[in-house]
Amino acid sequence: MESANQDINLNSPNKGLLSDAMTDVPVDSAAAARTSAPEGLTLAEEEELRSELAKVEEEIGTLRQVLAAKERHCGELKRKLGLTPLDGLKQNLSKSWHDVQVSNAYVKTSEKLGEWNDKVTQSDLYLSASSTLEDWNEKLTQSEAYKKTQETLSQAGQKTSAALSNVGSVISRKLGDMRNSATFKSFEDRVGTIKTSIRANGLSDM
């Protein structure tokens, strides 16, 4: 015991002998990593499950690599076709909406709404309300106030059209009067004289 204590003692001249001896002892890493089998499993069953787990993890890694390659190829095809991420989003939304429309929940909901609509439109309350609204509409259109309002609006429209027509006639008459005035004719004579002078000067220069 004392020799062992001396080897472990850091102040002992033989302090390195124990560590060197321990490094020469072979260590089974698999046995060290292996824990006791879960309750209800034999060692053989545990080994079989661990082997299957390793295969599944390897398959998952392979599938991830294949998926990444497919995604890159898909991106290249979209780029060559000129498709943008927005186009992809629209396509996904359209597909999602189509899937919703053909889903059982959507179809059942549409059928239920149709049944409710039929029940509401055929109910006594709905028919009574519709009839009451029709009566009110007929009474309103036949009332004196409604007729007077229509006549007032019609007269206002006619007066507006007549006023615009009168404005157009006045402007045309004013333009005709201005064209026949002495001032306008004098202006036309001056313009004609200037044109004649320009032509004469151009011919003399030639």
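## Helix 7 and helix 8

Axes are lines fitted to C-alpha atoms, for helices over the stretch in contact, with angles running from 0 to 180 degrees between N-to-C directions. In this predicted model, the axes of helix 7 (residues 124–142) and helix 8 (residues 144–180) cross at roughly 55° and come within 5 Å. Helix 7 and helix 8 are therefore oblique to each other.

Classed by residue type, the contact of helix 7 with helix 8 comprises 2 nonpolar, 2 polar and 2 charged residues.

## Helix 5 and helix 6

Two packed helices are described by the angle between their axes and the distance between the axes. For helix 5 (residues 85–102) and helix 6 (residues 104–121), the axes come within 4 Å and the crossing angle is roughly 60°. That angle makes helix 5 oblique to helix 6.

Helix 5 contributes W97, V100, Q101 and V102 to the contact, while helix 6 contributes N104, Y106 and V107. The residues of this contact of helix 5 with helix 6 divide into 5 nonpolar and 2 polar, with no charged residue.

## Nonpolar surface patch

W97, V100, Y106 and V107 make a nonpolar surface patch of about 340 Å². At least two residues of the nonpolar patch are supplied by helix 5, and at least two by helix 6. V107, one of the patch residues, is found in helix 6. V107 also belongs to the contact of helix 5 with helix 6, as do W97, V100 and Y106.

## Salt bridges

Side chains of opposite charge can pair when their charged atoms come close. The structure holds 2 salt bridges. R50 forms a salt bridge with E46, and the closest N and O atoms of this pair are 3.0 Å apart. Both R50 and E46 lie in helix 4 (residues 43–81), where they are 4 residues apart, about one turn of the helix.

Conventions:
Residues numbered from 1 in each chain as written. Predicted model: local features only at pLDDT ≥ 70, side-chain atom pairs only at ≥ 80, totals over all residues. Heavy atoms only, no water. Parallel < 35°, antiparallel > 145°, perpendicular 65-115°, else oblique. Contact = heavy atoms within 4.5 Å. Nonpolar A, V, L, I, M, F, W, Y, C, P; charged D, E, K, R; others polar. Patch = residues over 30% accessible without salt bridge, like charges linked within 9 Å, V, L, I, M, F, W, Y side chains within 5 Å. Areas by Shrake-Rupley, 256 points an atom, 1.4 Å probe, with all protein chains shown as cover. Salt bridge = Lys/Arg side-chain N within 4 Å of Asp/Glu carboxyl O.
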